[in-house]
Amino acid sequence: MKRKPRIPPSPLPQRQGVDPVRVKLPQEGPWATVRGYLVERLSGAGVGVVDGMFDAGEVVGVDGRAVAPEAAYVPGMFVWFHRELPAEVPVPFTLDVVYRDEHLVVADKPHFLATTPRGSHVTETALARLRRELGIPALGAAHRLDRLTAGLVLFTVRPEDRGAYQSLFRDKLVRKEYEAVAPYDPGLELPRTVRSRIVKERGVLAAYEVDGEPNAVSRVELVERRKEYGIARYRLLPATGQTHQLRVHMNRLGVPILGDPLYPDVADPVPAGDFRRPLQLLARAMEFTDPVTGVEHRLRSTRTLEAWSSYDDWDDQDGQ
């Protein structure tokens, strides 16, 4: 078996819990210098930005020393640099730790906080926050939870353990329970198991169902209802992990989750800093056998869904 080439450790420290960018120069190409390649690779940033990084000595090699802009292009060479961090509105909700040992950190993520850096959400993510607050630079995410969904997320303390915990989710060995608040439909027979084939295209906000072999399976149970508001609380048990699976399946049943900006219709984007009317979906519980220690973990979120605990406050369009 051919061994994967070893990736050298980063010579740069993190900034605000965010890793530097690592770039490996391709084996073949027309570039004569490192700068030439980065100008093309980072074309969206502009030549001035790339030249500014070189002038400031912010592009470094494996030894941590600044790479000169005229440095010759070497196939397979690694370079590192920090991109300018975007301005972000702080997510004004706590990120609680519900379990921690030498291998794991399980956090209770609030609505609106992304799990890992991506796009315009970089420092205001659960991973970056936990790295800063817990002082664990090597912390990594074993899986992801949608930015708009609250609840339990599992992080690994040691990079060498990450694969073992990621395999739990890949092999469907984590028993997950979600909670949702959605309209009540007296004609909807529950409990039931929903099976369908879900497709999520890159660059398209909403996923959709197509004909074919099911790749998404969810059990939906009615927990209780509130007649005065015409809403109900549901227990959702996904057997698979397709993107937006629970949101798509609840919409298919005719009871889309309250606060969902994509299903049944894609709503206009909300301004940055608008944290009203969060999606009423919560990753409530997680059970699994620890692949490293053998411990049986049964963990629960302590969060509540606002539309259930205080519907009038949640539904107030002008509330802050």
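Biologist: How many Å does helix α4 reach from its first C-alpha to its last?

Modeller: In this predicted model, helix α4 covers residues 159-170 and has 12 residues. At 1.5 Å a residue, 16 Å is expected. The span in the model is close to that figure, at 17 Å.

Biologist: Which strands do the buried residues of α4 pack against?

Modeller: The buried residues of α4 are Asp161, Tyr165, Ser167, Leu168 and Phe169. Buried here means under 20% relative accessible area. The strands that these residues pack against are β4 (104-109), β6 (150-156) and β12 (281-289).

Biologist: Why is β4 described as largely enclosed by the rest of the structure?

Modeller: Side chains in a regular strand alternate between the two faces of the sheet. In β4, Leu104, Val106 and Asp108 point one way, while Val105, Ala107 and Lys109 point the other way, and all are buried. The strand is therefore largely enclosed, the buried residues of β4 being 6 of the 6.

Biologist: Which residue of β4 does Tyr99 stand opposite?

Modeller: Strand β3 (residues 96-100) and β4 run antiparallel and are joined by 4 bridges. A hairpin of 3 residues leads from β3 to β4. Across this pair, Tyr99 stands opposite Val106.

Biologist: Which residue of β6 stands opposite Leu104?

Modeller: β4 also pairs with β6, in an antiparallel arrangement with 6 bridges. Leu104 is one of the buried residues of β4. In β6, the residue opposite Leu104 is Thr156.

Biologist: Which residue with a positive phi follows α4?

Modeller: Helix α4 covers residues 159-170. The residue that follows α4 with a positive phi, near 60°, is Lys172.

Definitions and conventions: Residues numbered from 1 in each chain as written. Predicted model: local features only at pLDDT ≥ 70, side-chain atom pairs only at ≥ 80, totals over all residues. Heavy atoms only, no water. Helix = DSSP H or I, 4+ residues; strand = E, 2+ residues; numbered from the N terminus. Expected span 1.5 Å × (residues − 1). Buried < 20%, exposed > 50% of the residue type's maximum accessible area, 1.4 Å probe, protein only. Contact = heavy atoms within 4.5 Å. Pairing = 2+ DSSP bridges.
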